Amino acid sequence: MFKITGLSKTYSGGVTALQDVDLQIDEPQVVMIIGSSGAGKSTLIRCINRLIEPTTGSVALHDIEITALGRGGLRRARRRMGMIFQEYNLVDRLTVMENVLSGRLGYVSFWQAYRRKYPSEDIAAAYELLDRVGLMEYVNQRADALSGGQRQRVGIARALMQRPDLLLVDEPTASLDPKTSRQIMRLIVELAQERGTPALVNIHDVALAQAFADRVVGLAGGTVAFDGSAEEVTDQVLTDIYGEEDWSLTIKNNGDESDEVDDEEADIARESAAG
Amino acid sequence: MSYPDTWKPPSFFRSPYVRYGVMSAVIGYFVFSWLTLEADWNRALQGIPRAVDIFQRMFPPDFSRWSLLMRGVLESVQMAFAASFFGMIFAIPVGLCAANNLVPKPVYFVGRAFLGISRTFHEIIVAIFFVKIFGFGPLAGVLTLIVASFSFIGKMLAEDIENMKPGKLEAIKATGASFPKLLNYAIQPHILPRYIGVSIYRLDANIRHSTVVGIVGAGGIGQTLAASFSRYDYGFSLAILITIVSLVFIGEFFSKWIRGYLR
Amino acid sequence: MTRSELQQKYPFIWKRFTPAQTLTRYVVYAIIVFIAVWSVSNLDIPWFYFLDAHVQAGDLLTRMIPPYWPFFVNIVDPLIETLHIATLGTVFTVVLTFPVAIMSARNTTLNRFTWFIGRFILVTSRSVNTVVWGLLFVAIFGPGPVAGIFSVAARSIGFVGKLIAEAIEEIDHGTVEAIEATGANKLQILLIGVLPQVMPVILGTIIYRWDINIRESTVLGFVGAGGIGIVLYSSINLFSWDEVAVILISIFGVVLVSEYLSIKVRSRIT
């Protein structure tokens, strides 16, 4: 259903962010992309919907070559891909409902958007999504009145309003505290599974990735260094991706050590946040 | 479970009465102004072909009276510099007197009133008065611009001083310093960068304003421009306008450069 | 420690500026003084005027007071016309400024060419004073408020447009990115991604400029572009100083009210 072939991106300064990346998704699954900063995760996700233009390579969704589309075609393709951002990227001064409805912008005319007259199915769907993400009381609140976790939920609802064929998620929890991170991640994965939508998720928290992923892809130096299931992520794999480090605290080991690691992780996170 | 399928964004206005009230007031205003404005719309419509005619007569711009043009420009530039210089100087006492954390209340009120009055009246009105007293010519223009300058710089100065954290003033006062020393140590370092920045901006603005006062005979290139319009000498008018725009452009460029340099 | 012991231990003399900086400062001062003198030199100042200026001013003042209040009836209509010129001119500006501001902001303009055109329009509009625009528009549209409205708009576009363009350049790009990712077209991106972010600046600037335009409109009559300026001009030329006093006081009142309104509304917005 979704296929990336030979994707490469070299920025004008000479920096090569991606080199010959291949990735294929044949069934609805949640794919977590891990890798150090600068490994190309952000670039990869943005090359898919061409927010960043790839240098070479092809991206195909349901056999439509996204990389070959003109302006109008690209817009029609983008509305079938929902994107969730690390910094939420909501329109702060608009209400939650307007933010969620803006997911349908690719499907409505300028005048409908201007007069906020979206089709009734869209509005019902918006209410349903807001209920699902638990924000029914905030429908008419301004987006900047919400907390970080709540804003991300609006972002999730907005992406799902597009009824997308693919979810692109860029570090959705990097700006959130550990507990909210898990809630948000759980929400994203559940929603993706409910709707049978494949999802590509950038994430730097490896334990979180392992907890929720169907499949893990590791990027290092712009190339795919690992592509397998969550259980297959071992110390060696992480060293390949991130470099030498004591990985025992980072990854979740199979078995009952898992809860201990979680608490330890939460402790460390709390302490470093306070310190 | 079924969900509502309509939604309206919350209105900017609290109650629908206020919203309709404002809307009808706005529409009413437009109707009212349309009716009461003694606009000769026929003449206005004729304006389009007239505009075309005038623009045709403006091109090509007539730079032949180069020396006259340059004399006007030189006079304007001199006026701008002189006005900025003296405006900067006079702005200091005026600004100081208009800062409520620095001077006693009665002085503050006088200072603020002085600032208010000098800012209320457009510089053309001030220019006319100076022309009446001092006669036609650039002197009236310089005086007008001095008033405009010191009221502008003075207001900025007063606001800057009032926005100072009280601690800075208190610290110097606590050393037992006399008022002039207070000024020198507490106020001057704080306001100096902004004062110079604003003054340089004002220098640039004065070049623009010097064009206006000339219309009532207070010197500068404005006088040359008004004369050219009244003589229907549109080619020359365009030449003057181009010169003014370039002058302002250069002035702005220098102003930004110097202010960036000072930072 | 005695003073001499201290001086031995810390023999450095603290000076605020290095010798090089001191030299630079004096050179700058000298340049400034030179420019000041040069600028005044050409002015041909009739110094004796200064001597009796206070007498003249005093004479003027006595002629203005008491103001001739019955004259007020004659200026109500021109005052209202002045308000119309300012308000309609500002409204006209709002409509015209949107496309210009969008063109002048590096992140919303189409290409370098449109950016340059936008900036050029803004600079030209700002360089020429309202009254000077008045000269041009009176020549085109004939004397009357129509010329005044156009003049106000012509000058205001530069002021309002520059501030809006700067606000547009400072918006959060992430928001625009997100809207772009939904497949919205360029107009929708502007409407939903850009506009809400700059709305407070737009409203504040418009009201600020409206306030300034009221002051500008009072003098447009001097070049024939309508408003109370015409009455003021004729009263001055007729040396009817007591009428002039009434006009000035009314102008002062109007400006006061509009400034108050402007400050009030702008504080509600931000």
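Leu166(A) is found in strand β7 of chain A, where strands (E, at least two residues) and helices (H or I, at least four) are DSSP runs numbered from the N terminus. The model is predicted, so local features need pLDDT of at least 70 and side-chain atom pairs count only at pLDDT 80 or more, while totals for chains, interfaces and linings use all residues. Residues are numbered from 1 along each chain as its sequence is written, and chains are lettered from A and ligands numbered from 1 in the order in which they are written.

With 23 other C-beta atoms within 10 Å, Leu166(A) is buried. Here a residue is buried if 20 or more other C-beta atoms lie within 10 Å of its own, exposed if 12 or fewer, and partly exposed in between, with C-beta atoms placed from the backbone. Setting aside neighbours within four places in sequence, Leu166(A) contacts Phe2(A), Leu61(A), Met81(A), Thr197(A) and Pro198(A); two residues are in contact if their C-beta atoms, placed from the backbone, lie within 7 Å. Thr197(A) is 31 residues from Leu166(A) along the chain, yet their C-alpha atoms are separated by 5.8 Å.

Chain A as a whole holds 10 helices and 10 strands. Of its 275 residues, 42% count as buried. Among the contacts in chain A with a separation of 6 or more, 68% join residues 24 or more positions apart.

One open sheet in chain A has four strands in the order β2-β1-β4-β5, with antiparallel pairing; two strands pair if DSSP finds at least two bridges between them. At the edges are β2 (16-25) and β5 (64-65) of chain A, each pairing on one side only. Strand β1 (residues 2-10) of chain A runs antiparallel to β2(A) and is joined to it by six bridges. Within this pairing, Ile4(A) has Leu23(A) of β2(A) as its bridge partner. Helix α1 (residues 41-48) of chain A packs on the sheet and touches β1, β2 and β4 (56-61) of chain A, its direction making about 60° with that of β2(A). For such values, axes are lines fitted to C-alpha atoms, for helices over the stretch in contact, and angles run from 0 to 180 degrees between N-to-C directions.

Helix α6 of chain A (residues 148-161) has 14 residues and reaches 20 Å from its first C-alpha to its last, close to the 20 Å expected at 1.5 Å a residue; the expected span is 1.5 Å times one less than the number of residues. This helix is largely enclosed by the rest of the structure, because 11 of the 14 residues of α6(A) are buried. Among them are Arg151(A), Arg153(A) and Arg158(A), along with Val154(A), Ile156(A) and Leu160(A). The cover over the buried residues of α6(A) includes β6 (81-84), α3, α5, β7 (166-170) and α7 (178-195) of chain A. After α6(A) comes Arg163(A), which has a positive phi near 45°.

Turning to the chain contacts, chain A and chain B meet through 10 residues from chain A and seven residues from chain B. On the chain A side, α5(A) gives the largest share, five residues. By class, that side has four nonpolar, three polar and three charged residues. Ala, Val, Leu, Ile, Met, Phe, Trp, Tyr, Cys and Pro count as nonpolar, Asp, Glu, Lys and Arg as charged, and the others, Gly among them, as polar.

Between chains C and B, 42 residues of chain C are in contact with 43 residues of chain B. Helix α6(C) gives the most to the side of chain C that touches chain B, with six residues. The residues of that side divide into 28 nonpolar, 10 polar and four charged.

In a helix pair across these chains, α2 (residues 41-58) of chain B and α6 (residues 130-141) of chain C pack at an angle of about 110°, with their axes 7 Å apart. That angle makes α2(B) roughly perpendicular to α6(C); angles of 65 to 115 degrees count as roughly perpendicular, under 35 as roughly parallel, over 145 as roughly antiparallel and the rest as oblique. From α2(B) the contact is made by Arg43(B), Ala44(B), Gly47(B), Arg50(B), Ala51(B) and Ile54(B), and from α6(C) by Ala139(C), Ile140(C) and Phe141(C).
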